[in-house]
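Here is a short report on a single structure. The sequence and model come first, then the details.

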Amino acid sequence: MALNNTYEARLVQQETAVGAGVQILLLALLGSAIGMGPAGWLTGLVFATATWAVLSRALHRARPRSFGPANRVTLGRAILVGGVTALVADSFESSPPVSLLVGLTAVALILDGVDGKVARRTGTSTALGARFDMEVDAFLILVLSVYVAMQLGPWVLLIGAMRYAFVAAAKAAPWLNAPLPPSMARKTVAAMQGICLLLAGADLLPYLANLAVVLLALGSLLWSFGRDVVWLWRTSREAKAQAAGTEADGAETAQERGAARPAQARLTVRAEARIEARARELEMLELAVR
């Protein structure tokens, strides 16, 4: 059995290594097609290495029996995100074709709805797969916000940084780590971010239209995060109130028990005294009869 588990783990690690290799191949294709500069190459290689290392570590901890078809789709999306990241980094030095960046991003966004369906249909949904999918989405939004910020201003970075700010805040306030109830509104707002940033990055609309689209994305994201934070705060307050009430009830019950014990002792003494007195009366009556 141990040999079988080792063999499965080896296959899983091989798939992540293949993913890193495909990422490097994509970078090579982009480099040969557009003459990508050092910034794009370096950023793409760092992304590939970091993705492989983090994913391998997570798989080692989770120890799944196989990598799974849904995770393969997510890994393919991560490879595309690596290509987008390299192009955005290269845009600081040159001007890569917008159509190429838009194409890679569009495919990555379309596949975002595929991995979840594959996981449900194949019965391979896991916490690791959901986290992997979420991290790929978050990083793509961050990269797109960097690209659009070069056109509209640094304030666009709020869109990409908001999720990471929430994670950082959760370390200082653990109540933010509580699970949230499913919400279609939250999913819709999350999907809007990539679409709006892609539309603004494609630069097909006038400046004011692009500005309105990105402001809509930011406003909806602030609303979504704000609603979730308020819900988590109220839930934590209610949980604390219930815990305090339970402790108070426990202490009150203990006090009642402590107060009841002396009263019971007094009643016992009185009952014993009455029994003894009745016994003496019976003895005296018995002697008188004799």
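The sections below cover the basis of the model, salt bridges, an aromatic pair, a charged patch, contacts and backbone angles.

## Basis

This is a predicted model: local features need pLDDT of at least 70, side-chain atom pairs count only at pLDDT 80 or more, and totals for chains, interfaces and linings use all residues. Residues are numbered from 1 along each chain as its sequence is written, and side-chain values use heavy atoms, with hydrogens and water left out.

Helices are DSSP runs (H or I, at least four residues), numbered from the N terminus. Burial follows relative accessible area: buried is under 20%, exposed is over 50%, and partly exposed lies in between (1.4 Å probe, protein chains only). Areas come from the Shrake-Rupley method.

## Salt bridges

The structure holds eight salt bridges. Each is a side-chain nitrogen of Lys or Arg within 4 Å of a carboxyl oxygen of Asp or Glu. One of them joins Asp133 and Arg77 at 2.7 Å, N to O. This pair links distant parts of the chain, with Asp133 in helix H5 and Arg77 in helix H3, 56 residues apart. Both Asp133 and Arg77 are buried.

Arg77 also meets Asp137 in a salt bridge, at 2.2 Å, N to O. Again the partners are distant in the chain: Arg77 in helix H3 and Asp137 in helix H5 are 60 residues apart. Arg77 counts as buried because its relative accessible area is 1%. A salt-bridge network links Arg77, Asp112, Asp115, Asp133 and Asp137.

Another bridge joins Asp228 and Arg186 (2.9 Å, N to O). It ties helix H8, which holds Asp228, to helix H7, which holds Arg186, across 42 residues. Asp228 is buried at 8% relative accessible area, whereas Arg186 is partly exposed at 22%.

## Aromatic pair

A search of the whole structure finds two aromatic pairs. Rings of Phe, Tyr and Trp (its six-membered ring) pair if their centres lie within 6.5 Å; planes under 30 degrees apart count as stacked, over 60 as edge-to-face and the rest as tilted. The ring centres of Phe47 and Phe139 are 5.4 Å apart and their planes meet at 35°, so this pair is tilted. Phe47 sits in helix H2 (residues 38-62) and Phe139 in helix H5 (residues 127-152), 92 residues apart. Phe47 is buried at 12%; Phe139 is partly exposed at 27%.

## Positive patch

Lys117, Arg120, Arg121 and Lys187 gather in a patch of positive charge on the surface. Patch members have over 30% relative accessible area and no salt bridge, and like charges are joined within 9 Å. Lys and Arg count as positive; His and the chain ends are not counted. Charges are placed at NZ of Lys and CZ of Arg.

Helix H4 (residues 98-122) gives the most to the patch, with three residues. Lys117 lies in helix H4 and is partly exposed at 46% relative accessible area.

## Contacts and backbone

Ala89 lies in helix H3 (residues 69-90) and is buried at 13%. Its C-alpha is 8.6 Å from that of Trp41, 48 residues apart along the chain.

Most residues other than glycine have a negative phi. Arg63, not a glycine, has a positive phi of about 50°. Arg63 is in the loop between H2 and H3 and is exposed at 59%. Asp203 has a positive phi of about 55°, and lies in the loop between helix H7 (184-202) and helix H8 (207-289).

Notes:
Patch = residues over 30% accessible without salt bridge, like charges linked within 9 Å, V, L, I, M, F, W, Y side chains within 5 Å. Areas by Shrake-Rupley, 256 points an atom, 1.4 Å probe, with all protein chains shown as cover. Helix = DSSP H or I, 4+ residues; strand = E, 2+ residues; numbered from the N terminus.
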